[in-house]
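Subject: Structure handover

Hello,

Here is the structure we talked about. Please open it alongside this note; what I found follows below.

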Amino acid sequence: MIYHTVNGNVKMCELTPSWDINDVISERTNLERWAVKNVVQMLDNGATIPFIARYRKEQTGGMDVDKLREIKTQTEELKSVEQKIFSVLTALQKQNKLTKQIQKSIRSAEALVEVDDLYAPYKPGSKGTLAERAKALNLEHVANACIYNSLDVDIKTYIKNDVKGLSSEKEVQSGIQHIIADIIYRDDSVIRFIKTLFKANGIMIEATKFVASKRCSAKTMEKVEKAQVSSYKFENYFDFKSSSKNIRPHQVLALNRGEEQKVLTVKYIIPENLSHKFKDFVERKYIRPNCRGSIRNLIKSAIEDCWSRLVQPQMIRHTRSELTKFSQKSSIDVFSSNLRNLLLSAPVKGHSILGIDPGFKHGCKCAVISHTGQVLHTDVVYLNFSLEMKRKLQEAIGKYRCKYVSLGNGTACREAEKIVAEVIIGTTTKYCIVNEDGASIYSCSDLAKAELPDLDPTLRSAVSVARRLLDPLAELVKIDPKHIGVGQYQHDIPENQLRAALDSVIEECVSFVGVDVNTGSEALLRRVAGLSLSKAKSLIERREKMGPFTNRKQLKLVKGLGDKSFQQCVGFLRVNQLSLVVDGENSQASSPAVRNVDMDEMVSISDDEEPIKGKKRKAKSSMAPKKVKKRRTSEEADPLDQTWIHPESYDSAQKLMEQIGINPADLGHENGIQRVKEYQRKCSLKEIGKNVQLGEHTLQLILEAFLQPSGYDIREKHSKPMFKEGICDIASLREGTVLTGKVTNVTHFGAFVDIGVGRDGLIHISNMRRKELHLGHRVEVHVLKIDKTGNRIGLRLEKIL
């Protein structure tokens with residue numbers, strides 16, 4: 001409730017929505033209201049989606065990130081509507097145009113387009129609605145009388161020959177009709193009926209090829225002529241019909257684009273039966289049984305006018321807006337899903353890799369990187385000197401023991417592929433074609449200059465191609481996600497919506513994989529939930545100045561990292577003790593718990609515990625002081641810091657370890673993992689939870705962390721690179737051939753698959769056998785059609801490998 005002052009008197013005025021944000025989201029998403037309410041509150045308090053998804057499952061009922069992201073989007077959208085309602089009602093109140101009926105209609109609106117439609121007639125500068133003009137002629141009480149007391153109405157008595165709008169019976173009837181139409185249009189029960197009617201039945205959408213009329217302006221004609229060059233892209237829509245209930249998201253975006261480019265003419269047609277249903281409903285409500293003659297006909301004319309002049313245009317606008325919004329959201333979802341699968345591709349660890357960015361004129365740029373991503377060697381080789389190219393590649397592979405070759409999929413990829421395939425014959429080396437989209441943009445960026453200052457930009461792209469195989473996530477976070485090339489119709493999506501969604505996906509992936517606080521790059525750290533670019537820089541500055549972090553608690557000492565940021569990010573930052581660089585001058589790493597890198601030889605820091613194997617306890621002398629129970633110091637390491645367990649649950653985790661019979665040093669090792677498995681076989685999750693007083697979700701999270709071996713990476717269960725030893729080209733393809741390939745992109749109309757012939761084939765959705773494909777899936781496909789002129793390959797899915 002908002003209080004507003006009018007003429008010095010304070011009176012209560014409702015300027016807020018009549019709906020509850022939690023109720024609306026719960027209904028739209030089909031989620032429990034209590035869970036939605038908790039999520040909205042946590043988001044309002046600054047919690048991030050990865051943090052809520054992993055560490056607040058009890059409060060959400062175990063929602064996944066997609067559901068959480070949907071709630072966040074809906075919350076932001078409804079808050080925009082809420083703000084719009086407030087500003088519109090405030091403006092109407094200042095204009096003295098705020099009636100109870102208008103207020104009720106606007107407060108019940110749940111979309112911006114609805115609020116805009118209701119407010120449009122009252123905007124400053126507007127001539128006002130036909131109903132407003134009729135009301136100015138004092139016809140409102142006549143209109144009400146026609147509806148509620150028709151026997152006492154004599155329209156002829158309101159004729160005034162010298163007043164425009166009242167000079168004839170026809171003008172008076174017209175004014176009354178407009179007021180009645182407006183009353184019907186703003187009736188809550190009618191609005192609900194209209195929404196239900198259109199939701200259940202939908203609208204027909206038709207598209208034809210655009211034909212310019214003689215009245216078109218020169219600018220329009222120029223646009224039409226320009227559009228004809230690429231009109232073949234829209235040939236599927238030159239004779240298109242579909243219901244709004246059945247149309248697919250990519251079709252909506254294609255129709256919108258075709259219409260905007262003057263290639264298509266798009267019409268939204270409301271079925272005739274909806275008109276009859278609307279009129280029947282309204283007539284039952286507004287025509288009284290005793291209403292006869294001219295008044296009855298007047299009300300029926302008003303109902304017809306309401307339908308044709310008010311309802312139809314508004315519902316077409318609303319339908320178009322909702323379809324476009326839904327289609328944009330669906331495209332963002334497709335883009336997000338593809339990006340997530342790409343970012344979570346399994347890394348290729350422990351081997352040096354030769355990266356090749358192929359090219360004709362400027363040659364194939366080559367770079368060898370170590371298993372840690374350091375540049376060992378660079379060179380440029382040319383395809384027209386194939387013998388020299390083979391020799392140089394053989395030397396590089398042999399000298400640096402390259403286990404894998406990472407080949408970019410750009411220009412000259414197939415020509416370079418043939419040579420690489422010949423070079424590795426008889427060796428254990430394999431090659432993989434990787435997506436090089438965005439590599440050239442990265443190579444000229446400030447980040448690339450800072451990382452590889454001594455390399456030419458063309459060679460930096462080869463390094464990026466190699467690193468995309470070594471660790472896709474660490475490399476791809478450096479590139480604007482819209483340049484990675486895994487979406488559809490991204491140019492038809494509002495830039496801010498696309499960026500926000502993709503940034504959220506990157507944050508999710510980076511956070512869930514986890515970042516080593518002592519080795520993570522600025523590009524990775526800034527993507528961790530709870531961190532920003534400035535906080536990531538501060539963290540790195542402290543790391544470089546003070547030496548490596550030895551535990552998570554030290555993160556609180558980072559400049560700008562307050563309690564809230566610490567809570568949000570700390571669970572996703574690991575302190576992997578194997579990565580600590582320890583030397584005699586590093587005071588922070590001087591504690592016994594950190595000095596020895598091998599975890600099996602690490603001294604336990606628990607109170608009065610026996611030393612771990614490899615460390616002998618010194619004999620006590622009679623002069624030795626009595627041992628005092630030690631407290632964990634701020635510099636001592638904690639094995640739990642290597643897990644995804646949040647520090648807020650450390651005490652519970654410690655109690656659970658005591659029950660199981662393991663100590664922190666056992667975490668990640670086979671003996672500790674086996675003890676946890678044995679304990680789980682003896683006790684149910686419910687019994688364990690009672691013993692340590694933990695919720696089921698949090699308990700499950702801790703137990704899963706106990707079962708993870710040292711160096712565990714969640715990406716290992718995701719798609720792995722598809723390595724090759726031989727190749728073929730499109731000329732060698734035959735219809736009916738069965739091949740294996742890897743899904744490179746997923747859209748609403750199908751999936752693109754790399755089958756190793758220089759051009760991705762398309763599995764149309766009708767040939768997917770009702771199976772759902774994701775980016776990175778390995779598949780077996782049947783070649784249906786080969787269009788060598790259009791360079792298109794049609795495939796049918798046989799099975800997912």
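Which residues in the largest nonpolar core touch the most other members? They are I106, L555, L573, I645, L656 and F706, out of 119 residues in that core. Keep in mind throughout that this is a predicted model.

Take L573 from that group. Setting aside neighbours within four places in sequence, L573 is in contact with V515, V517, L525, V528, L531, L539, R552, L555 and D641.

Now the overall picture. The protein has 801 residues, and 49% of them count as buried. Its secondary structure comprises 30 helices and 18 strands. Take the contacts with a separation of 6 or more: 68% of these are between residues 24 or more positions apart.

Helix 5 and helix 6

Helix 5 covers residues 65-94 and helix 6 covers residues 100-108. Their axes come within 10 Å and cross at roughly 165°. An angle over 145 degrees counts as roughly antiparallel, so helix 5 is roughly antiparallel to helix 6. The crossing is right-handed. Helix 5 contributes I85, V88, L89 and L92 to the contact. Helix 6 contributes I102, Q103, I106 and R107. By class, the residues of this contact are six nonpolar, one polar and one charged.

Helix 9 and helix 10

Helix 9 (residues 140-148) packs against helix 10 (residues 169-185) at an angle of about 70°. The axes lie 9 Å apart. The range for roughly perpendicular is 65 to 115 degrees, so helix 9 is roughly perpendicular to helix 10. This crossing, too, is right-handed. On the helix 9 side, the contact is made by E140, V142, A143, N144, C146 and I147. On the helix 10 side, I176, I179, I180 and I183 make it. How do the residues of this contact divide into nonpolar, polar and charged? Eight are nonpolar, one is polar and one is charged.

Best wishes

Technical notes
Residues are numbered from 1 along each chain as its sequence is written. This is a predicted model: local features need pLDDT of at least 70, side-chain atom pairs count only at pLDDT 80 or more; totals for chains, interfaces and linings use all residues. Side-chain values use heavy atoms; hydrogens and water are left out. Axes are lines fitted to C-alpha atoms, for helices over the stretch in contact, and angles run from 0 to 180 degrees between N-to-C directions. Helices (H or I, at least four residues) and strands (E, at least two) are DSSP runs, numbered from the N terminus. Angles under 35 degrees count as roughly parallel, over 145 as roughly antiparallel, 65 to 115 as roughly perpendicular and the rest as oblique. A crossing is left-handed if the near helix is turned anticlockwise from the far one by less than a right angle, and right-handed if clockwise. Contact means heavy atoms within 4.5 Å. Ala, Val, Leu, Ile, Met, Phe, Trp, Tyr, Cys and Pro count as nonpolar, Asp, Glu, Lys and Arg as charged, and the others, Gly among them, as polar. A nonpolar core is a set of buried Ala, Val, Leu, Ile, Met, Phe, Trp, Tyr and Cys residues joined through side-chain atoms within 4.5 Å. Buried means under 20% relative accessible area, exposed over 50%, partly exposed in between (1.4 Å probe, protein chains only).
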